[in-house]
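Subject: Structure for you to look at

Hello,

Here is the structure I said I would pass on. My notes on what turned up in it follow below.

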Amino acid sequence: MTAIHSSASPTRRLTTRAFLTVATITIGAAAVLLHLLGFAVHSVYLGSWGVNAEQFPKATDWLIINGYYAFWRGTAMLFVLTFKNALWVALCVALFLLYLWVINRSLDPSTQPRQRTSSWPQWLKRLLQVVIFSGGLAISLIPLALAIYIFTGVPARLGQTIGEEIFRSDYRDFYKGCEKSRANCIKIFKGEKEVGQGYFLASSDSHLAYFDAATYTSHVLPLGELELRTVRPPEFDTASK
């Protein structure tokens, strides 16, 4: 019994270590991707309003949370796009499965014609093996290159698409005006003097960005001693009280 436990214990420790390693790498990669996605959405959204996003830097945790919400919004957009292009998606899946089948056939020695090549010279056999192996290796590098592109390029592109979509949605809502829009307007005061009215876009330690509801233009103001006041009170059902 002692021998059994001693032989099983290293295997269990190895499995736990491998699991923790994979989990750590996965969490780290996910955090990087969400940070990149959140940064892209934030930059593109403010840029669409004509506001310089560098004036409104965000903390890492804010960008990760923003990337998390953008990820689920992008997932919903992807499902809609998939249903709209079902035939193209099915064709891509079929081509990918064919690609995997070709790789498996090229790397499987049992599929090679042995009887026909039995009379070939030894140097020709080695040359054929090198060509087959090199071709299979080159083909197998395609998914690696695709994975690198997806890891680096897709989050930025997805963030750009989501940021532009959020901008279009907000612009359509803001265009309705303060009385009919879904979002709540704000009034900006400096002391007792009103200096602007519109929709909040972003703020930092030194600046405030808002979209003017009357002129349909974006403004960036030094924060200073500005005060923000909501135009409408929060809506709730008074009959339920």
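Strand 3 and strand 4 make a hairpin with five residues between them; strands here are DSSP runs of E with at least two residues, helices are runs of H or I with at least four, and both are numbered from the N terminus. This is a predicted model, in which local features need pLDDT of at least 70 and side-chain atom pairs count only at pLDDT 80 or more, while totals for chains, interfaces and linings use all residues. Residues are numbered from 1 along each chain as its sequence is written, and side-chain values use heavy atoms, with hydrogens and water left out.

Tyr-216, in the turn of that hairpin, has a positive phi of about 55°, although Tyr-216 is not a glycine. Most residues other than glycine have a negative phi. Tyr-216 counts as partly exposed at 34% relative accessibility (buried is under 20% relative accessible area, exposed over 50%, partly exposed in between, with a 1.4 Å probe and protein chains only).

The sheet

Strand 3 and strand 4 pair in the antiparallel sense over five bridges (two strands pair if DSSP finds at least two bridges between them). In this pairing Leu-208 stands opposite Leu-221 of strand 4. Ala-202 has Ala-209 in strand 3 as its bridge partner.

The whole sheet is open and has five strands in the order 4-3-2-1-5, with antiparallel pairing. Strand 4 (218-222) and strand 5 (226-230) have a single partner strand each, so one side of each is left without a neighbour in the sheet. From one strand to the next the twist averages 50° (axes are lines fitted to C-alpha atoms, for helices over the stretch in contact, and angles run from 0 to 180 degrees between N-to-C directions).

Val-51 is in the loop between helix 1 (2-48) and helix 2 (60-84), and is buried at 5% relative accessible area. Which residues does Val-51 contact, leaving aside its neighbours within four places in sequence? They are Leu-46, Phe-56, Leu-201, Ala-209, Ser-218 and Val-220 (contact means heavy atoms within 4.5 Å). The C-alpha atoms of Val-51 and Ala-209 are 7.4 Å apart, although 158 residues separate the two along the chain.

Val-51 is also among the residues with the most contacts inside the largest nonpolar core, which has 21 residues (such a core is a set of buried Ala, Val, Leu, Ile, Met, Phe, Trp, Tyr and Cys residues joined through side-chain atoms within 4.5 Å). Helix 1, helix 5 (122-174), strand 2 and strand 3 are the elements that give two or more residues to this core.

Aromatic rings

There are 15 aromatic pairs (rings of Phe, Tyr and Trp, the last by its six-membered ring, pair if their centres lie within 6.5 Å; planes under 30 degrees apart are stacked, over 60 edge-to-face and the rest tilted). Tyr-45 and Trp-49 have ring centres 6.1 Å apart and planes at 80°, so this pair is edge-to-face. Tyr-45 is buried at 14%, and Trp-49 is buried at 7%.

Two charges sit over rings (NZ of Lys or CZ of Arg within 6 Å of the ring centre and within 35 degrees of the ring normal). Lys-58 has its charged end over Trp-62, 5.1 Å from the ring centre, and Arg-229 lies over the face of Phe-189 at 4.0 Å.

Regards
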